[in-house]
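Could you walk me through this model in my viewer? I would like to know what to select next and what is there.

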Amino acid sequence: MTDATPVTPEPTSETPDQAPENAGAGQDLASRGSNRSQRPDSDAFKAFITSGWAPRAELDVEPLPAAPYTVARRAALSARFPGARLVVPAGPLKTRSNDTDYRFRPHSAFAHLTGYGTDQVPDAVLVLHPVEPGTGDGGCDHHAVLYVRPLAARDTEEFYADSRYGEFWVGARPSLDDVTTATGVEARHVDELRDALAKDVGPGGVTLLVVAGADEAVEALVEAIRAEAGVDETEAAGSAQDQELTDAEWLARAEAAYRRTDAALVEAVSELRLVKDAHEVEQMREAVAATIAGFEEVVRNLGRAVEHRRGERVIETTFDAHARLEGNTVGYETIAAAGEHATTLHWIRNDGVVRTGELVLLDAGVEVDSLYTADVTRTLPVDGEFTEVQRRVYQAVLDAADAAFAVAVPGARFRDVHAAAMEVIAARLEEWGLLPVSAAESLSAEGQQHRRWMVHGTSHHLGLDVHDCAQARRELYLDGVLEPGMVFTIEPGLYFKADDLAVPEEYRGIGVRIEDDVLVTADGNENLSAALPRRPEDVEAWMARLRG
């Protein structure tokens, strides 16, 4: 990787290659990163590097595929916050180490409401400005504006000297016109953000709300504007408590007050994604298809994994390379857990050996360029055939998954999916003599002994985040009613650790999880990852075919 500071000219008498020992004593810490390689700052250099460039070629910017859908998404958010100014940051670049950054990924709420994926607009902020009811975008009550850091001119220092944003360093960013063409949203310079946010904010005026957790600098700006305007976010809730109201009136006031807080906005942008639109479903299909192809690549490379001292890394890098080639990246850190490592639910160290006769649990997903990710798990016999005990455990998990699929239909509650899987898990554990009580007792709220061997839940929503919609209210998530368009995982498992004295030795060190991505349809559900074999005999045949 290139040094993140422009290159210094050869040392001269004016630019010595070694400074005196005490030369840095008065230098501030922020500037010391440049000690290793100073950029030229002569007037001659500046004049020369900022001149003699051909006109920039016009970028071939097309509307983003999601743009027709984001209008309705913003309108739905607008309806929940009449009269409020809504601030949705993309987020800043984040430091990985010293002066190197992680690859930029916009906040999921920003991506959902603008259609932007990948790494094009760090520091951008989407603002929904309140307007007269019915006069906003698409007839809603807000007008959307994207405040972005546009492409700098070539006669600016940023062009050649800024390693974070300069065109010389990271390539050309989109112009304001490019952003508007891509998103269908009016674009303005981010320098205008402060004045735009502050307009009419104050007691009795516009309420200013921000998606917390996306950009600390933008949050601080919002807090400063509120303070200057004499606004306290908790005042409305407090005033409801101070009055003599009935319980119902107080609850109504408290609910209304909460609906005008940052927490309510965070909740709302999460809940908007509980039901996917047609574009989102298509992106999920693409992510799953790419993921299935990645699993096939892993199977073809299992021989290499067995031969390598860190065979789990062979599996991880095989899948991750595929994800980077065919999508944006992986949607989360790949779990490549061989043998007893499969009993550690989030094993991402992936530094173990892969042995024949054992199982390997691969939990992985490709994130496509729109940032939607799959989340699929298969547990595979390393040498292509399950042992009798491995097959017994695998079949129990598969039966639990099938029971969950049977109830994952419109009108059921999200929690019913987990309950159905647990009935099968408890019954099998009782059948094998592993439970200290009956399956019925274990399934009671006072029991739950079967959860020793499956401590995680059976399902989670899936989409822009691998654990999507995580800030949604309990009554819409865990206690929510399933609707067509919802996408979530079904992923029961059984995990018998190597030192678990509560199970016979033949089970110890076996971990099995089977995970599929499920779309609720009008008349039931669709297993989006069904093309990846699930039944043990089908897994064996599939592996044999891929390995020749």
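Contact here means heavy atoms within 4.5 Å. Keep in mind as you click along that this is a predicted model.

**Stop one: histidine 460.** Select histidine 460, which sits in the loop between α17 (439-443) and β13 (487-490). Now show what surrounds histidine 460: setting aside neighbours within four places in sequence, its contacts are Asp375, Phe414, Val466, His467, Tyr477, Phe488, Thr489, Glu491 and Glu515. Two of these deserve a distance label. The side chains of histidine 460 and aspartate 375 are joined by a polar contact of 3.0 Å. The histidine 460 side chain also reaches the backbone oxygen of valine 466, at 3.0 Å. Is histidine 460 buried or exposed? Its relative accessible area is 10%, so histidine 460 is buried, the cut-off being under 20%.

**Stop two: threonine 373.** Next, move to threonine 373, in the loop between β11 (366-367) and β12 (376-381). Threonine 373 has a relative accessible area of 1% and is therefore buried. Leaving out residues up to four places away in sequence, threonine 373 touches Met284, Ala287, Gly331, Gly365, Val366, Glu367, Leu462, Gly463, Asp465 and Val466.

**Stop three: the cysteines.** Finally, select cysteine 140 and cysteine 469. Cysteine 140 is buried, at 12% relative accessible area, and cysteine 469 is buried too, at 0%. How many disulfides are there? With sulfur atoms required to lie within 2.5 Å, the count is zero.

Definitions and conventions
Residues numbered from 1 in each chain as written. Predicted model: local features only at pLDDT ≥ 70, side-chain atom pairs only at ≥ 80, totals over all residues. Heavy atoms only, no water. Buried < 20%, exposed > 50% of the residue type's maximum accessible area, 1.4 Å probe, protein only. Helix = DSSP H or I, 4+ residues; strand = E, 2+ residues; numbered from the N terminus. Polar contact = N/O pair within 3.5 Å; in protein donor to acceptor, adjacent residues only side chain to side chain.
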